[in-house]
Amino acid sequence: MDAVHDRDIELQRASGELIEEFRTKLPPLLWKHPNSGKRVVHRWARAAKVEKLILLLDPFQEWPQLLDPHLNWILTHLTDAFLSYLLGHGHSYGSVTKIKEPEMIYPLARAICKIIYTLCKVRGPKVISRLFSNEPKYLEPMLSMFIEWDSIVSADINRSTTTGQGLPLNWEERYVMLLWLSHLLLAPFDLTSISSENISIPYQNLSPFSDLSSKTPKLALAILSISLKYLVLPGKEREGAVLLLSRLALRKDMQQLGMLKSLVEWALGHLKPGLEITPPSTFACIGLLSFIAKLGTLAQVEDIAPFVRPIFSQALDLSRGSCDMSATVQSSASTRKLLTKILREMNTLSLTLEKRPDLLQISSNEVSTILEDTIDYFLLAVGDKDTPVRFAASKALSMIALKLEPDLGADILDAVISALDEDVLYEEESGELIPKEKARSMMGRLILRSFKSVDAQKWHGLMLTLGHLLFRRSPPLDRLFQLFECLVSGLTFEQRSSTGASIGVTVRDASCFGIWSLARKYSTKELDSVEISTTENRNKCLLRSLAIELISSACLDPSGNIRRGSSAALQELIGRHPDSISEGISIVQVVDYHSVARREFAMTEVAIAASKLDKVYWSPLIGGLLRWRGIGAPDPKSRRAAALAIGELSLQMSYAGIGTVLDRILHTLSLTSSNSVEARHGGFLALSATVDAFLRYESSKDDTPEDPGPVIELSRRIHQLWGIFSSSSGPSVEGLTLQEYRPDLTAEACSRLISSLARSYTLFGSDVPRFGLQLNNDSLEMTVTILLLCVQRSDDEAVAASSQAAVDIFAILSVERKSAIIQEWLSEVQSNRKKTTGSGQIAALGAVYRHSSSDERERKLILDELMRCSGPEEAVIVKRVSAVRCILTGVLPYLDNTDQLESHIGVLLNDYTTDNRGDVGSLIRTEAINGVHMILASRLGNPIGHSNVHHLMKHIIRLAAEKLDKVRFKAWKCFEVYWESDTGLPPLETRFDHFSEVSTVAYFSQLITLVQVEWLRLPLIKGLVTSLTAGADSLIISSRTAVVEFINSQNDNTRYRMQRDIFMSLLIVLEENITDDRYAIPTVESLAFLIENCFNPEILELDPDVEDDKNAATPLPQGMNYFIFPYSNNILTNAKIRALTSEYLFIQTGNKPLKTENWMQPPIQLKATVDNIVQAIL
C-alpha cells in the first residue's frame, strides 16, 4: 500500500496559512468592532462562516501539535466572547425574531461551542479544558443558562430548522458546557458559599438520592440532576456528564454530605447482576461503568478505599456471569473495555491499600486472590475480538506488573511469552512441519516459525503487552534476549484471511512499538550486555540485529504504517544509541520517515541506498525480498517492484553478488509448490530482473576485464537457466492454460525470462563458442513452445511481455522457424475472429514484423491481417485497439509506401462504434490520431508533405472540435504540430498543453478562425456542431460563446460572408448526414442557435442563383428544402415534430392543407397528403 501524498509534509507547509486565515476570520465572527478598544459581542453568527472556520481546523487532526502555539490566543477569544454573550445576551438565545440574514444563523454560543468542540476533537478535551476560565463566579450563571437553553421548545420546528433560531442546545453545546462546568467544579471552596436558591432543578430524577443531606446546596442538586440525565444517554455529551458527576462526587464538601457513597451505591445497584430484574440498556451500562472507572482514576486512595471490595467484586461478576445483566455488559466492546479499566484501578488500589492498613484492612491473601483473578481475566482479554479491549488489557497488565515485586512481575512476563509460543509451528525451508523440540535441536539449519495456526488478535494483544512492559522498563536485562525473539517474530508476522486481506498489520505495528520502547528505555550499556543468536542473523549484538530487522521492515513491508513505524523505531534506536550501529546517521537519513511512504520507492531506491552504506544490510534485504514481503506478495505490482529491487541489489556485489542472488532465487523456486502461482510469478520475474541487471552491467563496461573468469562463470550459470523451462521448477502446460492456475501471471513472468535470456545470448555473440554457451535445439524448441503458450494469453501485461519476448527470440531463430511461427500465429488469429482471444498473437505479429524474412509476401500477409483485425468487421474492440497499436508501432515505421495505410487510418478516424460501455470507437480514433502524428513527423520535412496530408488533417480538425474531451485534446496536439509548420494557415497564437484547456473559450476562439480556410471549413463545422449542442454544459457554453464572439467581431462585409459560409456548411453537413442522428440532430440544433443569436435574416432569404424575374414564382428560402426533405422521405415519425414543421411551412407558403390537416395521425395515413403538399410547394 503506497502513501500517494505525504499529508504530513503538506499539512506542515499549509499550517501557517490556515492559522493565519483562522486568526483573521475569528475576531469579526465574535465581536462587532474587533479592532477597537471597546469590543461588543455579536448575538448571532452566520452558519457558513462558522463552518468555514471549522474546515480550517479539521486538517490539524493529522498533526495536532501544530496548533499548540496558538491555542491560548484562540481559546482566550472564544471563552471571553462566550462569557460576554452568557452574561449580556443569554436570554436572547431562543429568540425567533426575524433577522435580516439571507442564510442560516446560529446563536453565538452555539457557534463558539462548535468551534471549541472541533478543537477538542483535534487536540483532545484534556488540553482544551485547561484553557477554560476557572473563575467560580461563572459556575451558577453557566449552569442556569444551560438549564434555560436546554429547555427551549420550538413553536415552529420547520422554520427553526431552516433559520437556526428557536432551537434548544445541540449535542456539541451540551458537551462543551458540561466539560466547562466540570472544570469550574475544581473551585477550592464549598459550593454552599456560591449557591443560591434561585437556581432550579431541571429534571425529576433525584428520587434515588432521598437520603442526601438537607444541607446539600441547590447548585449541587441541579448539577446532579443534569449529570444523571445525560449519563445514561447515547451521545458525546455523556462523556461530559461522566466527568461532571465524578468531579461533583469527589469534592470534599460533597463527600461530607454523603454524595460519593450514595452515587457509588446507586451505580452498583443498577449494575447488580440478577435474573429477576430487567437490565438497563447498553448505553446506560456504558455511562454507569464510565462513572465508576472515572472515580477510580480521579479519586485519592483515602476517598475510594471503602468501595474497592464491592466495586471489584461486582466488576468481576459482570465479566464472568451469565445473567442478562452480564450478557448486556459483555456484548459491547465499550463496556468490556470499561470493565478492564475498573479492574485495573481496583487492583492498583488494593496493592496500595495493602501497605496502608490505616485506610482499609485488607489481607495479603485477599490481595493475592484479587491479583490472580484479574490477571487471568486480562490474559484472556488481550485476545479479545475488539481492538480497544486489547489495548486496555495490555496496558493494565503492564501497570500491574510495575506495581508488583520483581519476581511476581516476571511471572506476568513469563505468561505473555508462553502465550506467544502457543500454536506456533516450525517448518524447514521445504515447508515440512517439524515438532518444536526437534526445531530447537536443529540450530545449524534454517528453521522458520509458521504463524498459520496462531490467533492474530491474541498476538496483537500480547505484543502490545510486551511494548507496554518495555515502555515501563519492567522486564529485567536477563530476559531481553527472549523479548528480542518475540519482537522480531512480531515484526515479520503475517496472516491472510479467507478473502486474501492481511490480518497481521496490527501485530507488526505493536512490535514496532515494542522495539521503540526497548530502544528508548534501556541504555546502550545495558543492551550491549545482552547476547542474542538467531539462525539467519549471526550478529550477536542486539542493537545491530534490531537495526537490520527494522531496515528490512521499513523498506519492504506492504503496509505504509508499518514502514513508517519501523523508520520511527529505527530513528529512536540510532538516536539513543548512535555509536552502536554501522553508518547510523546516514542510515537514518536514507531510511527516512517520509522516504518510505511509497512502497515501490522504498523497495527500489531506499533499500538500494541502505545496502550501499554497509554490506551487512545486503543479505537481509535480499532475504526479505525473496519471501512474503517481496516476490511472495499477494499483489502483482508489489512482486514486480520486488523483482526490480532484487535485480538492482544484485549489482552491489558485482559478479559474485549476481551469482549469489541467482542461486538464492533458484533455491527458493525449487522449494516453491507448483500451486503457489504468485510466488512462482515473482520468482521468474526476479530471475529475469537479475539477468537484465547483468546485461546492463556488461553493457556499461567500456574495457575488457583483466580476469575474465568471473564473467565466463556467471555467463555459464545464466546460460544454464535455459534448462529451467524443461525442469520440474519450470512452467507447465497446465500452468499456462488452466484458469485456476492464473496463467496470465505465469505467461508474463516466463515471457520476461525468455526475453532476458534471448538478449543475453545475443549479447555474447562471437563469444558463445569460446564460453561454451551453445544452445541445443531441444532447449530452444522447449522455450519456443512455452512462448507460443504465453502468446495465447490476452491480458495486458502478458501481451506486452510475450510480444517483446517474441522480438528478442526471433533474433536467434532460423528463418524457416520464424516463418513457421508467423504462419501459425496468422492461422490462430484468423480462427479466432470475433472471439475474445487472439490479442496476444496480434501483438506478437506486429512486434516481429520488422524481424520477418525479407520476403515482401510474408510482410504483406502480416499487414493485411492486422488491417483486417483493426477494421469494423472485427467485433472485439480490445483486439481492434491492439491491432491498431501494433500497426503504428511495429509496421508503420518500417514501411516505404504508406498510402494504403493512410487510407486505412482515415477510416479508423471515423470509427464511432458503440456498445454497452458507450463510445468505444474513441479508443480506435485515439490510436489512429497517434498514427497521423507519426506520419506528420515523417512528411513535414518534405516540401510537398503538407498537401499530401490534407486528407488526414480534415479528419483531425473535425476530431479537434468534437465533444469528447480525450479525443479532442489528442487531436488538437496532433493538429498543433501541423499548424505550426503550415504557413498557409492563420498564425498559431496559443498552445494548449493541458487536458482541461481544450474546453475553454480561448481554445474554441482560436479554432473557429480556421473556418476562413476553405478546405478545413466543412470538417471543422462538422465536428463543432457536436460541441455546440451535445457536449457537457461547460463545453456547450465555451464553444457557443467562442463562435458568437468570432462572428460578431467581424466587420459588416466579412460578417455577412462568414455567416453565409457557415450556414451553407451547416446545410451541407445536414444533407450529407440526414440519416445519421449523431450529426443530423446537433446540426439542426446548431442552426437554430445561430439563427437565433448571430445570423442575419438576409442569409436565409433568396438563393443568389435565382434570377430576378417578376413573372417567376416566388422562390423558397434556401434552407426550407431541408424542412420539406423529411416529408418527402417519410422519416418524421414524431407527431410533435410534424406539427411544428407544418406550422413553419404554412407561415412561409400559406398552403392551407398544412393548417387544416390533423398531423397527429399515423404517418401512413398522411402519406398522400404529404405528397400533394410537396408537389404544390415545389
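Strand β3, residues 425–427, pairs with β4 in the antiparallel sense, over two bridges. In this predicted model, tyrosine 426 stands opposite isoleucine 434 in β4. The sheet is open and has three strands, in the order β4-β3-β5, with antiparallel pairing. Which strands stand at the edges? They are β4 (433–434) and β5 (448–450). Each has a single partner strand, so one side of each is left without a neighbour in the sheet. In general, strands of a sheet pair through backbone hydrogen bonds.

Next come two helices. The axes of α45 (residues 921–939) and α48 (residues 965–981) come within 10 Å. They cross at roughly 10°. Angles under 35 degrees count as roughly parallel, and that makes α45 roughly parallel to α48. By class, their contact has nine nonpolar, four polar and four charged residues. On the α45 side, the residues include Leu923, Arg925, Ile929 and His933. Among those they meet in α48 are Val967, Lys970, Cys974 and Tyr978.

Now the cysteines. How many disulfides does the structure hold? It holds zero.

| Cysteine | Nearest cysteine sulfur | Distance | Relative accessible area |
|---|---|---|---|
| Cysteine 486 | cysteine 512 | 15 Å | 9% |

For cysteine 486, 15 Å is too far for a bond. A disulfide needs the sulfur atoms within 2.5 Å. Is cysteine 486 buried or exposed? At 9% relative accessibility, cysteine 486 counts as buried.

Methods:
Residues numbered from 1 in each chain as written. Predicted model: local features only at pLDDT ≥ 70, side-chain atom pairs only at ≥ 80, totals over all residues. Heavy atoms only, no water. Pairing = 2+ DSSP bridges. Helix = DSSP H or I, 4+ residues; strand = E, 2+ residues; numbered from the N terminus. Axes fitted to C-alpha atoms, helices over the stretch in contact; angles between N-to-C directions. Parallel < 35°, antiparallel > 145°, perpendicular 65-115°, else oblique. Contact = heavy atoms within 4.5 Å. Nonpolar A, V, L, I, M, F, W, Y, C, P; charged D, E, K, R; others polar. Buried < 20%, exposed > 50% of the residue type's maximum accessible area, 1.4 Å probe, protein only.
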